[in-house]
Amino acid sequence: MATITMPLAGVRGRQVLVVRFTAAERAAHWVHFVAFSVLLVTGMFIYLPWLHAFAGGAAGEASRLIHRGAAVLFIAAPLVYLVFSPREFLYSLKESFTWGADDVGWLKNAWGYYSQGKLGTMPPQGKYNSGQKLNALTQIISFGLFVITGLIMWFGKGSVPSNVFLASVIVHDLAVIATVLLFMLHLYLVVLHPMMRESITSMFEGTVTRAFAEEHHGKWYSERVLRKREEEFDPLSKK
Amino acid sequence: MSSIAMLVDTSKCTACRGCQIACKQWWDLAATRTKQTGSYENPRDLSPETWSRVTFNEYEAGGKLQWLFLNLGCMHCTQAACVDVCPTGALQHNDTGFVSLDREQCNGCGYCVEACPFRIPRLDVVNTLTGEAKASKCTLCQDRVTNGLTPACVKTCPPGALQFGDRTAMLSVARKRVDTLKAQGVAQARTYGETELGGLGRLYVLTAPPTAYGLPEAPEYPALVNLWHNLAQPLGYAGAGLMTAGLAVNWLLTRRARLSNVEEK
Amino acid sequence: MTNHWVDLKNSDAVLIIGGNPAENHPISFKWITAAMEERGAKLIVVDPRFNRSASKADLYAPIRSGTDIVFLGGLVNYVIQNKLYNEEYVRSFTNALTSISADYKGPAELDGYFSGFKQSNAAYDPATWQYQTEKVSAKDGSGNEIQVSVPKQAASLDDPNSVFAHLAKHYARYTPDLVERVCGTPQATFLQVAQTFAATGSADKSGTILYAMGQTQHTVGTQNVRAMAILQLLLGNVGVPGGGVNALRGESNVQGSTDMALLFGDLPGYLGLPTSAQADLKTFLTKFDNTSYWSNGGRFVTTLLKAWWGDAATKENDYAFNYLPKSSGNYSWIPLFEAMYKGTTKGLFVMGMNPYVSGPNARLERKGFENLDWMVVMELFDTETSSFWRAPGVNPQSIKTEVFLLPAADGLEKSGSLTTSGRLIQWRNRVAAPPGQAQEDIWILDKLMKAIKAAYKDSSAARDRPILDLVWNYGDTIDVQAVAREINGYALADVKDASNKVLVPKGAVLPGFPTIATAANYDAIACGCWIYSGYFAPADDGSGVTMPAVKRRGQKDPGGMGTYPFWGWAWPANRRILYNRASARPDGQPWSEGKKLVWWDAGKKTWTGYDVPDYLATKAPDSKANPAGVGLAAQAGTDAFIMKADGKGWLFAPKGLNEGPLPEHYEPLESPTANLLSKLQFNPVVKIWDTDKGKAIGDNVGTADKFPIVCTTFRLTEHWQAGAMSRNLPWLAEAQPGMFVEISKELAAEKGIGNGDSVEITSARGKIRATALVTMRWKSYMIGGKKVHHIGMPWHYSWVGLATGDSANDLTPHVGDGNSSIPEYKAFLVDVNKVG
Amino acid sequence: MDLSRRDFLKVGSAAVGTLLLPATLAGAASPSAFPLHKRVGETATICPYCSVGCGVIVATDSTGHILNVEGDPDNLHNRGTLDSKPLAIPQLANSPNRLQKVLYRAPNSDHWEEKDWDWAVSEISKRVKATRDATFKEQEGGVTVNRTESIAWLGGAANNNEDCYLATKFARALGIAYLEHQARI
């Protein structure tokens, strides 16, 4: 795979910043995030019995329309990514499906690392750490399931066999469960976890500090950021 | 189990189809365009405009021909898959136990249509793209019944093949009728709906095997609805619960360990 | 119906033959089901088609259409051979013991004919069918001893001259084996039917026969009905609750329209239209028996003439008797359309009818419409009749007929009365508004008659007097109650009895026809229909509230027999069951406690009970007849049939029927077989029309070599008659959307026809298309050892409306019953083939 | 009477003794979660189809438009029951296909023309007089027969007795011989 140019992007405070996400990646992420959240909430209305009040009547009409609108956005998000940042899209896709010994090591030590800050135990990670890859992988597979089963429920009523329809409902729900669990974890880590604050900043601004990159995405930093920098002019290099 | 029930005594039905039209008349349901294709049975299926209809089947056994007529509509199951899958509460077991439908509440998801073991509810789709739709089915004239009237079909039935009242009373009428029919030589007379799916709110007296009428011999609660209930729902709750707990523990531990972002180290 | 709808619940056996009440009178099954459930009544259905009635029957007997007399004759034979008749009833209430002329010979001796047939005019001289008479001495009105002829009575049922012996001999030929060979009914099934129904001959049981067009629409239709009456008289089932010979009539008021005489040979109340052989009133009145209640016939005719021509009807001018048209032949349906086809009919009024669809040999009949100068149609909808000039394949430019299509109010948009099949008259309230400019039919008739009177106002010709003198004063805007009052009858002057006591003051409505029978000055009464007299008179509804009898809704049911005497009003005289004197034994006591209806109260010396006795209330059972007396005085206290000259139920009809005193089997005009009973193939007195015979549209007769399949027509629950009031309604059109033909699986296999295939049905009159409905409900018949296929189809359809299809009547023949001229719709020959 | 009918309706088909509503429902004082879809109606009339003579209860709006029909529980024939045909009465009364105006089809024309009543009544009476006068048979073999064989009348078994009686009187006064209707066929 061709290496992708990842220039350093500037400084935040006294920290050197590294570009982590392109604009398209960030846009896709946030569109996906919004669509997913809306789908989740409107979906919950019909999944959770105690939210029935929002599923029927005028609220139901609205939530049904919103769910369908969000579904369109949901489908559109990866397309934005693909169209505007195709190389990164394909790179990330490949990454998500590439698993090795480092991932095993990472997953083994994740709890200790994230709960007690046991340093030095985590194998170096690529652009995405194993946890993020797990999330992405789940999202990608679920995305396919969501779209297929969603379209069956949307347009296939009465024309597909009952069991296909009912199975679609179940698969849709199982996909929700899988994605939601990882979504909770993801959300927790980026919003609440003290060690991952920068992660969310990066999704807004596209950059992380070099320290964060080294710490959390060492492989990526050394392979794709540093090598690149060596090949090019780096105004902030201390060499 | 419902406390009231409708009894369809097919041994008395003359297929005048008063029930079919009474339902349309009371509920102002439009006629659909049909075609003669070699049957008395029209419309050929239930639809958003047809909540109750009479089926015609011929059955010959032991040299005796029977022309079987069956008033078909919602069975008002005790174990009603449609109620279980209805996400809006539009379908509910009401106070008396029959399956009421509040079309105002229905959001058109269509789960009930697919979950019903008798293929009764139908979706009245207004717009496929927006998903605007309403489920429709016999509600046993929930408005008439709760206002002290009998269902339109029951009221109109000339030979009294349709009856309505306390389920226990209906059952005893049905059993007595079966005894009488058997004594008259109708060997295959039987009730239907006593125990099926926990007991149906629409009970039948049949004079031939259920399959001769196009009814399932032993209607089954759909396995996938069970799966949904027993797997998808608990799994969701369990997963979410475990995850929440795990994250909470993690958060407490991070507090104790005074962890912080690399930036601050 | 001799009985009425609710009375079906009192029956122990219901025999449906030639009718299909489950489909055509669905509510009847409320009462049939009640009888089956509450009394264990048996339901027997005899029909070529396994129909919705048959689906509920304990016994279904298939029968080839057109062979009912063999089946019913077989039942009569079974009842006689096994002595299952009600002997006391038969001896006392029927003419079983009356002796018949020694010159009488029946079909057993004359190979199908009765004695007296004249080949020259294809008619019988009934002289040899008459009763033997004997002279007895009696005192006339003035107390003089005179010699009077009375029917001679045999001492026992075995007397070879007795009606009973002739009956037994005639039907001895109608064996179960013959039934099987002619009707195609398996013997075992027939015997089960016989056993079940004959059980009602027991004094504590009753059985009813329900029939409709399946009996009447044959060349032997009237005799079919006679055969049922004979069976019921033998079993003692006439006049009793749960019994009777019950015609299930088709339309909501076909009973009333018949009572009102919308038939060529009649006048309201069955008084009969005069013929050109009856030049004056006196001659006309000789037709009424002088030894039955018909002795009052002249009075009823007079009050009708007074209602129509009022002051212009005087004693001196025979009460304007000559204003009435007199007939010189048969002006019934088939002759009418033959005349129309020939072009002699110029104008046609059609009030709420669709003859385009409902007439036989319809292609020929429709051609007749094209020959009219003008047609006036009063209708709810545009029909095939009103739009015949724009039918598919017709070129309007070639049709000169003017058509006036007048929008009419439907039954719910006007007030008025209608009469059920059970003779019960009910008032129907206007509950909705007619659409647009639609008007009530009486409004239309009123406008038209006023305009016609105005058109003739300058005429002084005698022939225009019937119009100019016609009493027509129902107000500026016609009031239906004014018409009802005239039908009921009212006093033109004080009506008095012989002692000068005022019975009805001038202007008051008549309480009932007994007033006509007893008034000294009966010509002071105007009464439009004597049998309806009383229907609009004030009456108690059982709760002390008085209103016109027909409007009553009283719920009292004395005795629980379902007579409901305070609901509406039944003709005659509010009697719910006709001939109900026979519900009591000859001695006046009920046959059984369970069948109690009317009885003689010896203490009060009056007939009493749960129904109005169809009898003189004070005539004791042991009253002797005075052979010299007039009217009912000539009858004894055991003569239960007061409209008959001898007071008896007629097992043997010495007069009134054209083809014989006893029903005899003849094949339909179109039949798949030779008559297996005699050499006489079909009813010898029917008229065979042959207009344009051999042409594509003509009175053609089909034969079994070209048309081997027997076909019959029927009606469906979801449609009504010629379809205007059902094929235009979306829900009903949805339920039965189009034309079909019912075909057995066996025939379908032979012809390569699949269910739902389009097939062509051809007869000698034409061909139509229909969807094949292949069913187990039809089976082939073995007739005389030969397999015969039988099919059936509904006749409701044509090309206008929401539910359309070809018309079955394109195929039916132009031949009528020997007495009534009712067309033979129910049995004709066809062939069926798959299209393409 | 209305009150009693109302009460009767509540027990529906009870009259024949088949079945009764459970007491808990028949009491019905409590407000219902499901208001009645429409009015049941209280005006009694008679079915226009077959000859049983069933009672029908009708609800109409203020313009006489039929909203609901069902069996009249008081009518002794049907006790509240009805088959398919009378239940379709709203479509009979409210059908867009019902004739609303006088229509006339001129000789050899291929279409209807709308006319008014006065015109139609006047024109028809002229046709009647012309045809009758041209073909009337006053005498036959010395007997007054006062008959016209060139005008015929058909119908109507679906009409009220009063319609039928007037039709007979009308037809016979004109001398119509061919007077027939459904009872023959």
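How many residues does the contact take from chain B and from chain A? Select both chains and you'll find 40 residues from chain B and 44 residues from chain A, where contact means C-beta atoms, placed from the backbone, within 7 Å. On the side of chain B that touches chain A, helix 7 gives the most, with 15 residues. Helix 3 (111-115) and helix 7 (223-256) of chain B each supply at least two residues there. By type, that side of chain B divides into 22 nonpolar, 15 polar and 3 charged. Here Ala, Val, Leu, Ile, Met, Phe, Trp, Tyr, Cys and Pro count as nonpolar, Asp, Glu, Lys and Arg as charged, and the others, Gly among them, as polar.

A word on what's loaded: this is a predicted model, where local features need pLDDT of at least 70 and side-chain atom pairs count only at pLDDT 80 or more, while totals for chains, interfaces and linings use all residues. Residues are numbered from 1 along each chain as its sequence is written, and chains are lettered from A and ligands numbered from 1 in the order in which they are written.

Stay on chain B and colour it by domain: domain 1 is 1-220 and domain 2 is 223-264, with bounds from an automatic or database domain assignment. Taken over C-alpha atoms, their centres are 46 Å apart.

Next, select strand 1 (residues 13-17) of chain C. Helices (H or I, at least four residues) and strands (E, at least two) are DSSP runs, numbered from the N terminus. 5 of the 5 residues of strand 1 are buried, so the strand is largely enclosed by the rest of the structure; buried means 20 or more other C-beta atoms within 10 Å of the residue's own, with C-beta atoms placed from the backbone. Ala13(C), Leu15(C) and Ile17(C) point one way, Val14(C) and Ile16(C) the other. Ile17(C) stands opposite Val46(C). Strand 8 (residues 207-211) of chain C also runs parallel to strand 1, joined by 4 bridges, with Gly207(C) opposite Ala13(C).

Now show chain D. 130 residues of chain C are in contact with 103 residues of chain D. Helix 17 (residues 441-455) supplies the largest share of chain C's side, 9 residues. Finish on strand 12 (residues 402-407) of chain C and strand 4 (residues 102-105) of chain D, antiparallel and joined by 3 bridges; Leu405(C) has Leu103(D) as its bridge partner.

Terms used. Contact = placed C-beta atoms within 7 Å. Pairing = 2+ DSSP bridges. Buried ≥ 20, exposed ≤ 12 C-beta atoms within 10 Å, placed from the backbone.
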